[in-house]
Amino acid sequence: GVTVLGDGNIVNAEFTDLSRALDDLDRAIAECRQISEEQKLDAAAEVATMRAQIAKKHPDDKVIRIAWNALQTVAVFDGVVGALQKVGALIARFLS
């Protein structure tokens, strides 16, 4: 089924937890003062890419993998690590 979350994001009901984790990651990246504005824009685009994929009935594993790999550039920042790890656990099935 389809779920519309409070922020208006439409997701496959199977990925509700992942959508919330992506929201947390997006917020963590935006709030991290160590990340440059350019890095924030790039990371936000990768999060949006992942969000678009989980709205589909059959998300594209390759697209999710590429976005995930691109997000590793912000993985070193303290305020982002926990949120990124949570997303990583929830997308593990797409990464194999």
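## Helix axes and the overall layout

A quick word on terms before the helices: an axis here is a line fitted to C-alpha atoms, for helices over the stretch in contact, and angles run from 0 to 180 degrees between N-to-C directions. Keep in mind that you're looking at a predicted model.

The protein chain has four helices and two strands, and along the sequence they come in the pattern β-β-α-α-α-α. Of its 96 residues, 39% count as buried. Take the contacts between residues at least 6 apart in sequence, and 58% of them join residues at least 24 apart.

## α3 against α4

Helix α3 covers residues 61-71 and helix α4 covers residues 78-95; their axes come within 10 Å and cross at roughly 150°. Angles over 145 degrees count as roughly antiparallel, and α3 and α4 are therefore roughly antiparallel to each other. Their crossing is left-handed.

On the α3 side, the residues making the contact are D61, I64, R65, W68 and L71, and they meet L84, V87, G88, I91, F94 and L95 of α4. Sorted by type, the residues of this contact come out as eight nonpolar, one polar and two charged.

Helix α1 runs over residues 16-31, so to speak a 16-residue piece, and reaches 23 Å from its first C-alpha to its last, close to the expected 22 Å. Its buried residues are T16, L18, S19, A21, L22, D23, L25, A28 and I29. As a general point, an α-helix has 3.6 residues a turn, so residues three or four places apart point the same way.

The axes of α1 and α4 come within 9 Å and cross at roughly 160°, which makes α1 roughly antiparallel to α4. This crossing is left-handed too. From α1, D17, L18, A21, L22, D24, L25, A28 and I29 take part, meeting G79, V80, A83, L84, K86, V87, L90 and I91 in α4.

L84, V87 and I91 of α4 turn up in both contacts, with α3 and with α1.

## A43 in α2

A43 sits in helix α2, which spans residues 37-54. Its relative accessibility is 4%, so A43 counts as buried; the cut-off for that is under 20%.

Leaving aside residues up to four places away in sequence, A43 touches I29, L71 and V74. I29 belongs to the α1 side of the contact with α4, and L71 to the α3 side of the other one. A43 and T73 are 30 residues apart in sequence, yet their C-alpha atoms are 8.4 Å apart in space.

Key. Residues numbered from 1 in each chain as written. Predicted model: local features only at pLDDT ≥ 70, side-chain atom pairs only at ≥ 80, totals over all residues. Heavy atoms only, no water. Expected span 1.5 Å × (residues − 1). Buried < 20%, exposed > 50% of the residue type's maximum accessible area, 1.4 Å probe, protein only. Parallel < 35°, antiparallel > 145°, perpendicular 65-115°, else oblique. Left-handed = near helix turned anticlockwise from the far one by under 90°. Contact = heavy atoms within 4.5 Å. Nonpolar A, V, L, I, M, F, W, Y, C, P; charged D, E, K, R; others polar.
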